[in-house]
Number of protein chains: 2
Amino acid sequence: MENNNSKEEINTNNKKNNNTEEKIRFFLEKWTKLVDPKIKEILSLSVSKRMQKLINYQVAMGGKRFRPALTIASCLVCNGKIEDALYPAAGLEILHNYTLIYDDIIDNSELRRGKPTVWFNFGKSIAQCIGMDYGASIFQAANRSKNSFVISEIFSKTIKNVVEGEILDILFEQSKREDEKYIMKNRYKNITEDDYLKMVSKKTSSLICACCEVGALVAEARESEIKALKNYGFNLGAAFQIKDDILDIFGEEKDFGKKIGKDIEERKLGNVVIFHALKEFSSKEKEEFLKILRKDKIESQDIKKAVNLIKKTKAQERSFSFGEKYIERAKESLKKLPKNKWNEFLSEIADFVIKRKK
Amino acid sequence: MENNNSKEEINTNNKKNNNTEEKIRFFLEKWTKLVDPKIKEILSLSVSKRMQKLINYQVAMGGKRFRPALTIASCLVCNGKIEDALYPAAGLEILHNYTLIYDDIIDNSELRRGKPTVWFNFGKSIAQCIGMDYGASIFQAANRSKNSFVISEIFSKTIKNVVEGEILDILFEQSKREDEKYIMKNRYKNITEDDYLKMVSKKTSSLICACCEVGALVAEARESEIKALKNYGFNLGAAFQIKDDILDIFGEEKDFGKKIGKDIEERKLGNVVIFHALKEFSSKEKEEFLKILRKDKIESQDIKKAVNLIKKTKAQERSFSFGEKYIERAKESLKKLPKNKWNEFLSEIADFVIKRKK
């Protein structure tokens, strides 16, 4: 009986989760149809036909368009009009893709979402040029938004924050880049919780925070609402990165759509699971683990070995609770916003972010 | 007597040239003192102390600040106030340096103005991040300018033009980049005058044109004056690039401050002297020349050989006349602007651009 009951509970929960996921997917797809034409329009401004083909490649690779959806939902929760959210949402998705283009170059990543990355497809020189075009487009989107001055300022600040987070993430790596003296010299040998949070808040939270802030701004929301949405976005962003870190180590390759253990392969200390595992390891385990991270060449058996070491610790549960804390904070912020169906939707997004399998 | 006369004429001409050069240098230095603090201020916005150090490196390497001077002079010729030109001038100099950072990465250039380039100093990953910060700063400068919306649009458009020119310049190369499939596949085997002019108008003229246009805009000049200054800048930019191309092949290393024959070393067809020489070469000479440009490794004796082949042709004179034509057009445009001392100064800049030895 007890068993049956729990089974039923799990089923109900699964059903509820599935419904929420379907609802979120429904809006992501619906809004993508509104935002993608704007993205294409902006990217096509002031470029030749040849350039257009090169530029469209990155955004045509797909992506959930999660960030534009946050801008739209943030606008709607403050009773704004959806059409006012479209250009800034497009700008933020271009900004996101801008960082991905350079991220893939820096990390030498050959595949993204199962497709050749921009640099792998066109070469690094052309990829950099394409990146510069994205950088310029971001502000053409800002200029087509309500409150364009403030939004342009937010875009600049966000880029600078993401860049700083990216640099920290690189400096948290334990090996590679032997030809890059500055990195070799300034590399972190170990990181604190503060270091981790600083990196995450800059690399991931700042952009998700900007998505929500901009949505509120174009809705001409009150100061207190803008603040609440910034808070929501910031905490959601932290949880988003934490969950990404967990999936990187413990996800199912077929669900996640990315290679498991990529952060180990990239020798990162800046993964929350690795961070928690290192705190728990015996000095022998720690030595063994760091030896892998500092190897010249990391093979798939090394990744397995590292993951097995992590599995002996409570790093997964600890990381999950850590992420849940940010979700709670994000949901707390929603209380300061109008109670409507979009408020509920933002709350569901928060739950989804921490529970998702991909 | 005749000889003496010509000598005297040369001396007077030299003196006049020297005076003009001194005058131009005087204003470049004077205005640099006004613009550089704005550049530093803008680059420092929204970044940490660590980042500031990384970011300042590129602009601290020097440079003539020729582009900001054009913005200021264009503002002054239309009776604008110099203080209105400073932020946009800073933005345009940041834009110029933004393109240099990526240019040096793409061309693998280790030195610029005798100093290690950003990527050579910090590694390519960090250099790319620094570049992204420059990209974001450009629009923070636009936002601090009068007429910020229009100026921001011009900045975006200019970046996209420069990028397209850069891609053409890469596609005009005759070898290298074996790992970059797109370039290998789309490389030009020979170029027409139209191809050359398209590349120059995008890579160089578009930015110099923008410098002059923006100066007129912040002076709240009349439509006809804005148009005249755009024309001036566009033609000046073409002449500037043509003269740079001539100096690359025929300059004196000690004057020019750059390695002579760099364009040959970089296997470029997109140099006006090379373009004119190729038109004049016998088929045997052409074959010999292109064989050098397509070599796996170009040694200094190869460069010498290529330059000697060029010296047999009238490419130098032809290129110079070609450049002079643009200077004449630039000066023609000045007739549509207020007659004041800044009009004269812009005319002197035009002469200087084609006559300079560095």
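User: Where do the numbers and letters come from, and what limits apply to a predicted model?

Analyst: Residues are numbered from 1 along each chain as its sequence is written, while chains are lettered from A and ligands numbered from 1 in the order in which they are written. The model is predicted, and local features need pLDDT of at least 70, side-chain atom pairs count only at pLDDT 80 or more, and totals for chains, interfaces and linings use all residues.

User: How many residues of the two chains are in contact?

Analyst: Two residues are in contact if their C-beta atoms, placed from the backbone, lie within 7 Å. On that basis, 40 residues of chain A are in contact with 40 residues of chain B. Helices α4 (82-107), α6 (124-143), α7 (148-171) and α8 (181-186) of chain A each supply at least two residues of the side that touches chain B. The most comes from α7(A), with 13 residues. Helices here are DSSP runs (H or I, at least four residues), as are strands (E, at least two), numbered from the N terminus.

User: How do the residues on that side of chain A divide?

Analyst: Ala, Val, Leu, Ile, Met, Phe, Trp, Tyr, Cys and Pro count as nonpolar, Asp, Glu, Lys and Arg as charged, and the others, Gly among them, as polar. The side of chain A that touches chain B has 18 nonpolar, 11 polar and 11 charged residues.

User: What span is expected of a helix, and what does α4 of chain B reach?

Analyst: The expected span is 1.5 Å times one less than the number of residues. Helix α4(B), residues 82-107, has 26 residues and reaches 36 Å from its first C-alpha to its last, close to the 38 Å expected. A kink of about 25° is centred on P88(B). The bend at a residue is the angle between axes fitted to the seven residues ending there and the seven starting there. After α4(B) comes N108(B), whose phi is positive, near 55°.

User: How many residues of α4(B) are buried?

Analyst: A residue is buried if 20 or more other C-beta atoms lie within 10 Å of its own, exposed if 12 or fewer, and partly exposed in between, with C-beta atoms placed from the backbone. In α4(B), 21 of the 26 residues are buried, and the helix is mostly covered.

User: Which residues of α17(A) are buried, and where do they sit around the axis?

Analyst: The buried ones are W342(A), L346(A), I349(A), A350(A), V353(A) and I354(A). They cover an arc of only 125°, which puts them on the same side of α17(A). The arc is that of the directions from the helix axis to the C-beta atoms.

User: Is V35(A) buried or exposed, and what is it in contact with?

Analyst: V35(A) lies in helix α1 (residues 2-44) of chain A. V35(A) counts as buried because 23 C-beta neighbours are inside 10 Å. Leaving aside neighbours within four places in sequence, V35(A) is in contact with R65(A), P68(A), L86(A), A89(A), A90(A) and E93(A). V35(A) and A85(A) are 50 residues apart in sequence and 9.0 Å apart in space, C-alpha to C-alpha.

User: Where are N79(A) and R113(A), and what is phi at each?

Analyst: N79(A) is in the loop between α3 (66-77) and α4 of chain A. Its phi is positive, about 65°, although N79(A) is not a glycine. N79(A) counts as partly exposed, with 13 C-beta neighbours inside 10 Å. R113(A) is in the loop between β1 (111-112) and β2 (115-116) of chain A. Phi of R113(A), a residue other than glycine, is positive, near 50°. R113(A) is exposed, with 11 other C-beta atoms within 10 Å.
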